[in-house]
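Here are my notes on this model, point by point. Have the coordinates open while you read.

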Amino acid sequence: MPVFNGVQTPADGQAIAVEAGRLKVPDNPIIPFIEGDGTGPDIWRASQRVFDAAVEKAYGGSRRIVWYEIFAGQKAFDKFSEWLPKGTLDAIQHFVVAIKGPLTTPVGGGIRSLNVTLRQVLNLYACVRPVRYFNGVPAPVKHPEKLDVVIFRENTEDVYAGIEFPEGSDRALKLIEFLSDWGCEVNPDSGIGIKPISITGTKNLVRRAVRYAIENKRKAVTLVHKGNIMKYTEGAFRDWGYQLAKDEFRSQIVTEDELWKDHNGQMPEGKVLINDRIADAMFQQVLLRPDEYSVIATPNLNGDYLSDACAAQVGGLGMAPGANIGDNAAVFEATHGTAPKYADKDVINPSSVILSGVMMFEHMGWKEAGQLIVNGIVKTIAQKRVTYDLERQMKGATKVKTSEYASAIIENMK
């Protein structure tokens, strides 16, 4: 068995494989995990218990997860003097599916963001964020139940590509001079950032979003962009997205223009609608008309803002799962931060990692285990047995510890 970061991989498990673009999952897959920094250990202990219980209840012992710890963040730095060891990246590539808690981003030089580095090095081009409401969770809007979207955010390009130069640097000044020669005047005391959006990155993302909508019987895929201003990046994202949908899914989709031109506004049976919205208008739409949207595909920065804004409507990041998915690997993750002041206190809400595990099981084709977890969460929240972040907003709720919340979910799996 291979060794990563000096740690032998378990002999009683097997690696997931990718064949013809599909996962081949054994009954005893080895799943690497990064427990995370700050509150990560508390959250991971609770989440792992929930995952193991769900698999046992769903499959009666015929399937099980073989867990394998890998390292990133503070724990990796303490062990190896590296924030993101090569062995961790190699392990994720080898085992195909991994899950992680929240990570500290180093302050100062070096890695700009551990999460961004993972996405770029492993080409995890799609950040997938499902946002739905669990009945009883405190929410700031009147009808949070109307919001049920899956956001596909491009993960490797846009301003997150990391192509930027500080004000006054030789590179910034040379680029400003170059732009001036082209007739583009930029204040000489500017920092410079470059925003690449490619055909490849766009089509990879939109393909995955449309395929998800078709396979999960979602009604629409909305391309969210700021193409009215950034015509050759975000405007191109919109155009390439429509082109991909027509070229690869012609018999299964209808565009918004075609809907009104050819179908008098009546949605054809069994088709997925492809439409688009300007980013700033979309922020209004998810507040005022959330039930009109189902799957959203968007460039990186828009997706970052929009996914957090949607999560706020249904209870916040504590209830928001996420995944970073590419063609050959996927990392499922908490979407919130490390909250170090709550570390080792057994108080934090583990739902983000637990629901990310639901996404992981669905990705693996183990939907029965995922559904048991969802059932357990729904019933536990209905009983108002919740961690402090929800308890303080719910009348008549019982505050429970992180570990007790996990136990309640397991008890309520039906």
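This is a predicted model: local features need pLDDT of at least 70, side-chain atom pairs count only at pLDDT 80 or more; totals for chains, interfaces and linings use all residues.

**Notes on the model**

1. Cysteine 127 first: this residue is buried, at a relative accessible area of 2%. Buried here means under 20% relative accessible area, exposed means over 50%, and partly exposed is in between (1.4 Å probe, protein chains only). Cysteine 310 is buried too, with a relative accessible area of 0%.

2. Before going further, the ground rules. Residues are numbered from 1 along each chain as its sequence is written, and side-chain values use heavy atoms, with hydrogens and water left out.

3. How many disulfides are there, taking a disulfide as a pair of cysteine sulfur atoms within 2.5 Å? The count comes to zero. Cysteine 127 is in no disulfide, and its nearest cysteine sulfur, that of cysteine 310, is 13 Å away. Cysteine 310 is likewise in no disulfide, its nearest cysteine sulfur being that of cysteine 127, 13 Å away.

4. Now the overall fold. The protein chain comes to 14 helices and 19 strands; these are DSSP runs numbered from the N terminus, with helices being H or I of at least four residues and strands E of at least two. The radius of gyration is 22 Å, close to the 22 Å that the globule rule gives for 414 residues, so the chain is as compact as a globular protein of that length. For the record, that radius is taken over C-alpha atoms, and the globule rule is 2.2 Å times the number of residues to the power 0.38. Along its principal axes, the C-alpha trace spans about 65 × 55 × 45 Å.

5. On burial and surface: buried residues make up 53% of the 414 residues in the protein chain. The chain exposes about 18,800 Å², and carbon and sulfur atoms supply 50% of that. Accessible areas come from the Shrake-Rupley method with a 1.4 Å probe, and for residues only the protein chains shown count as cover.

6. Contacts (heavy atoms within 4.5 Å) reach across the sequence. Of those in the protein chain with a separation of 6 or more, 71% are between residues 24 or more positions apart.

7. Which residues have the most contacts inside the largest nonpolar core? They are Ile99, Phe361 and Ile373, in a core of 91 residues. Helix α1 (residues 40–59) gives the most to this core, with nine residues. A nonpolar core is a set of buried Ala, Val, Leu, Ile, Met, Phe, Trp, Tyr and Cys residues joined through side-chain atoms within 4.5 Å. Leaving aside neighbours within four places in sequence, isoleucine 99 has contacts that include Ile31, Phe33, Trp44, Phe51, Trp67, Phe332 and Met360. Apart from this core lies another, of 20 residues, among them Leu84, Leu89, Ala91 and Leu103.

8. Not counting residues up to four places away in sequence, serine 47 touches Pro350, Val353 and Ile354. Alanine 54 also has its place in α1 and counts as buried at 0% relative accessibility. With the same exclusion of residues up to four places away, alanine 54 touches Ala369, Leu372, Ile373 and Met413.

9. Have a look down helix α9 (residues 279–288), where the buried residues are Ala279, Met282, Gln285 and Val286. Seen down the axis, they fall within an arc of 95 degrees, so they line one face of the helix; the arc is that of the directions from the helix axis to the C-beta atoms. These buried residues pack against β12 (220–225), β14 (272–278), β15 (295–298) and α10 (300–313). The face of α9 turned away from its buried side carries the exposed residues Leu287 and Leu288.

10. Finally, two backbone angles to check. Serine 81 has a positive phi of about 60 degrees although it is not a glycine. Serine 81 sits in the loop between α2 (74–80) and α3 (86–95) and is exposed, at a relative accessible area of 58%. Lysine 384, also not a glycine, has a positive phi near 60 degrees. Lysine 384 lies in the loop between α12 (367–382) and β18 (385–386), and is partly exposed, with a relative accessible area of 32%.

Notes. A disulfide is a pair of cysteine sulfur atoms within 2.5 Å.
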